[in-house]
Amino acid sequence: MIEPSPALFYQILVETFGRNAIFGTRAVTKIKLVDKDHPYCETLCIDKGGVVHINKDFWRKNIKTKEDAKIVLIHELFHAILGDHLKLDSKMGEYDHYIANVAMDMRINAAIMEAFSSRSYWGANVL
């Protein structure tokens, strides 16, 4: 199993973005592991301070390869870069918070698919 750590996060950033990885290191301030019963982080999430919280139980069950880790960590990085973690307001109702988060996730997942699903990234035999 791949262990979640700041070193893994920074390694993925450098391998993915090269010299531009510095922007990611400024958007995320810390990687923190949380227990499975964490009140608001069932998977991965980022808080207003730029701390990525990784639910240990989710990670253990779902992240089997470095590519899996890359997908979820870059997803959280995009939240940080886009400022999504600052847009969700604690005054929002639970439903509005959920809908806003789903919309942000959809936008990020579409951007990730666009950026990383090209033939040049995956190889000519894919897609």
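**Exercise 1. Find which side chain makes a polar contact with the side chain of His 53, and at what distance.**

Step 1. The term comes first: a polar contact is a pair of N or O atoms within 3.5 Å; within protein, one must be able to donate a hydrogen and the other to accept it, and residues adjacent in sequence count only if both atoms are side-chain atoms.

Step 2. The partner is the side chain of Asp 47, at 2.9 Å. The model is predicted, so local features need pLDDT of at least 70 and side-chain atom pairs count only at pLDDT 80 or more, while totals for chains, interfaces and linings use all residues. Residues are numbered from 1 along each chain as its sequence is written, and side-chain values use heavy atoms, with hydrogens and water left out.

Step 3. His 53 belongs to strand 3; helices (H or I, at least four residues) and strands (E, at least two) are DSSP runs, numbered from the N terminus.

Step 4. With a relative accessible area of 4%, His 53 is buried. Buried means under 20% relative accessible area, exposed over 50%, and partly exposed in between (1.4 Å probe, protein chains only).

Step 5. Contact means heavy atoms within 4.5 Å. Leaving aside neighbours within four places in sequence, His 53 is in contact with Lys 32, Val 34, His 38, Tyr 40, Cys 41, Thr 43, Leu 44, Cys 45 and Asp 47.

**Exercise 2. Describe the surroundings of Asn 55: is Asn 55 buried or exposed, and which residues does Asn 55 touch?**

Step 1. Strand 3 covers residues 51-55, and Asn 55 is in this strand.

Step 2. Asn 55 counts as buried because its relative accessibility is 1%.

Step 3. Two backbone atoms are then located relative to the side chain of Asn 55. The backbone nitrogen of Phe 58 is 3.1 Å from a polar atom of that side chain. For the backbone oxygen of Lys 36, the distance to a polar atom of the side chain of Asn 55 is 3.5 Å.

Step 4. Not counting residues up to four places away in sequence, Asn 55 touches Val 34, Asp 35, Lys 36, Cys 41, Glu 42 and Thr 43.

**Exercise 3. Compare sequence separation with distance in space for Leu 33 and Ile 54.**

Step 1. Leu 33 is located in strand 1, residues 30-34.

Step 2. Leu 33 and Ile 54 are 21 residues apart in sequence, and their C-alpha atoms are 4.8 Å apart in space.

Step 3. Apart from neighbours within four places in sequence, the contacts of Leu 33 are Pro 4, Ile 54 and Lys 56.

Step 4. The relative accessible area of Leu 33 is 40%, so Leu 33 is partly exposed.

**Exercise 4. State how helix 1 and helix 4 are oriented to each other.**

Step 1. Helix 1 spans residues 6-17 and helix 4 spans residues 66-82; the two pack at an angle of about 85°, with their axes 10 Å apart. Axes are lines fitted to C-alpha atoms, for helices over the stretch in contact, and angles run from 0 to 180 degrees between N-to-C directions.

Step 2. Angles under 35 degrees count as roughly parallel, over 145 as roughly antiparallel, 65 to 115 as roughly perpendicular and the rest as oblique. Helix 1 and helix 4 are therefore roughly perpendicular.

Step 3. On the helix 1 side, the residues that meet helix 4 are Leu 8, Phe 9, Gln 11, Ile 12, Leu 13, Glu 15, Thr 16 and Phe 17. On the helix 4 side they are Lys 66, Ala 69, Lys 70, Leu 73, Ile 74, Leu 77 and Phe 78.

Step 4. By class, this contact has ten nonpolar, two polar and three charged residues. Ala, Val, Leu, Ile, Met, Phe, Trp, Tyr, Cys and Pro count as nonpolar, Asp, Glu, Lys and Arg as charged, and the others, Gly among them, as polar.

**Exercise 5. Check the lengths of helix 4 and helix 6.**

Step 1. The expected span of a helix is 1.5 Å times one less than its number of residues.

Step 2. Helix 4 has 17 residues and should span 24 Å; its end C-alpha atoms are 24 Å apart, which agrees. Just after helix 4, Gly 83 takes a positive phi of about 75°.

Step 3. Helix 6 (residues 94-116) has 23 residues and reaches 32 Å from its first C-alpha to its last, close to the expected 33 Å.

Step 4. The buried residues of helix 6 are Ala 100, Met 104, Ile 108, Ile 112 and Phe 116. Tyr 95 is also found in helix 6, but counts as exposed at 59% relative accessibility.
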